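Work through the exercises below with the sequence and the 3D structure at hand. Each task is followed by a stepwise solution.

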Amino acid sequence: MEIKHTIMNFNYKQLTFVREYRGYSQTELASKIPGLSQSNLSKFEKGLGILSADVVKRIIDFLGFPEEFYNVKIGNNVDNAHYRRRSGISKKDRCHIDYSNKIIGYLVDEMSDSIEFPEMNLRFIDLEEGYTPESAAKFTRRYMGIPDSEPVKDICTLLEKYGVIIVEKDYDEDIFDGVSFTTDKGAFVLVLNKNFSNDHKRLTIAHELGHIIMHLSPNYPIPDYRDKENEAFRFAAEFLMPSESIKPSLRNLRLNYLAPLKEYWLTSMASIIRRAKELACIDENKYKYFYIELSRRGYTKHEPINVEIDEPSVFYEAYSLFKTELGYTMNDLSKAFKLPIDIIQDFCEKDKKMFRLKIVR
C-alpha cells in the first residue's frame, strides 16, 4: 500500500516543472527511479494519484532541486510571453526555455524582497486609442530623451534605467531570440539570447520593448485580433531607425552606403534594407537585388562591422549584493532561493559593469 508523501504543501506541478527543466520525459525519469512507473508518475503529476514517501524522496534526490522548491508556486505569466523563435522548435527545447524563463522571473521576485530594483517608469500605450506602433515608438523616444536624428545608444542601460530587468542566457541561436514578461510580483523582465550578434541583440531588445509598452500593460486588455509580432517589429524599426531621420539616407540606396549606415544607426545591413523597402525608398526589385548581394558575399550569416552594445547589469548586481553586502554564501543562497547551487550559478554568475542598487532595510 502506498503512502502519500508528507511534504507540507507539496505542489505536484513543481515536479513536472523540475522534470521537464532537467530534460526528462515521464518514461525516462521512471526508468531512473526504483519503484516508480510511468503510469503512476503521470497520475501523480496530474494530481490524481499518490506516491510513497520513499519514491518521492528518490525523485527529489535524483533531480537535485531542494525539497522546499516543491512547495512553491511559480507563474510569472510566461504562458502569455512573446517569443521570437524559429519554426520547428522541439517540445523538449521549448519546455527548457519556458522553465528557464520562469526561474529567472522567480529569482527576480526572490531578490526583490531584499534588493530595491529600479522602478518601472515606462509609459504604456494603448493602440486601441488610435496610436500606431510607429507613433508609440516616436513617443517612447521622446519620453526617453533620444533625439530623432541620433541612434539609440547604451540600449541595455537605458531600459534598465526605466525599470526593465534584462538577463542574458546561453541558448541555441536556431530556437530562441528573446522574450519579455511580467513576474508574479509585477517586475518586467526581458530575457535575451547572448549568442547573437550585437545588432541582432539590439533589434531583439527593441522588439521586446515594443511588446512591453504595447502589450504588457496591467491596465488594459489586448484584443486577440491584434498581430502582436508585427506590431513589435514595426515599433522596433521606428524606435531604432526613425523614419523622418533615416529616410533621406535611404533614397537611391547603394550597397556601399550600407556599412556607414550600419555604423551610425547600430542596426544590421539587412534591417536597413528592409527599412528602405518599408519607407518606399526602394522597390521590390531593388530589395531582392540587395538580398542577393548580401547572400553572395556571405553577409546573410555574418555581416561585417560588429556594432557596439552595452551589457545588462541590474540582475547581476543584485546577485552580487547578496554575496557581498548581505554576506550570503552559496549554501545560504540555495536555502534562501530554494534552488540548487548549480542553477543559481548558471543563471546569476557573470562579470558585469555594475548598476547602482540599494539594499532594502
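**Exercise 1.** Classify the residues in the lining of the second largest pocket as nonpolar, polar or charged.

Step 1. Set the classes: Ala, Val, Leu, Ile, Met, Phe, Trp, Tyr, Cys and Pro count as nonpolar, Asp, Glu, Lys and Arg as charged, and the others, Gly among them, as polar.
Step 2. The lining of the second largest pocket then has two nonpolar, five polar and seven charged residues.
Step 3. The lining comprises 14 residues, and Arg-19, Glu-20, Tyr-24, Ser-25 and Lys-91 lie nearest the centre of this pocket. A pocket here is an open set of points on a 1 Å grid over the protein atoms alone, where a 1.4 Å probe fits, with protein on both sides within 12 Å along at least five of seven lines; lining residues have an atom within 4 Å of a point.
Step 4. At least two lining residues come from each of α1 (12-22), α2 (26-32), α3 (38-45) and α5 (91-111). Helices are DSSP runs of H or I with at least four residues, strands are runs of E with at least two, and both are numbered from the N terminus.
Step 5. The volume of the second largest pocket is about 240 Å³, taken as the space filled by probe spheres set on grid points joined across faces, edges and corners.

The model is predicted: local features need pLDDT of at least 70 and side-chain atom pairs pLDDT 80 or more, while totals for chains, interfaces and linings use all residues. Residues are numbered from 1 along each chain as its sequence is written, and side-chain values use heavy atoms, without hydrogens and water.

**Exercise 2.** Describe the largest pocket by volume and lining.

Step 1. Its space amounts to about 830 Å³.
Step 2. Among its 32 lining residues, Asp-199, His-200, Ser-268, Ala-270 and Arg-274 are the closest to the centre.
Step 3. The lining of the largest pocket divides into 11 nonpolar, eight polar and 13 charged residues.
Step 4. Helices α8 (198-215), α9 (228-240), α12 (269-278) and α13 (284-296) each give at least two residues to this lining.

**Exercise 3.** In what order do the three strands of the open sheet lie, and what packs on the sheet?

Step 1. The order is β2-β4-β3, with mixed pairing; two strands pair if DSSP finds at least two bridges between them.
Step 2. β2 (164-169) and β3 (178-182) are the edge strands, each pairing on one side only.
Step 3. The twist from one strand to the next averages 20°, with angles running from 0 to 180 degrees between N-to-C directions of axes fitted to C-alpha atoms, for helices over the stretch in contact.
Step 4. β3 and β4 (residues 188-193) run antiparallel and are joined by five bridges; Val-179 has Val-191 in β4 as its bridge partner.
Step 5. α8 packs on the sheet and touches β2, β3 and β4, its direction making about 155° with that of β4. Contact means heavy atoms within 4.5 Å.
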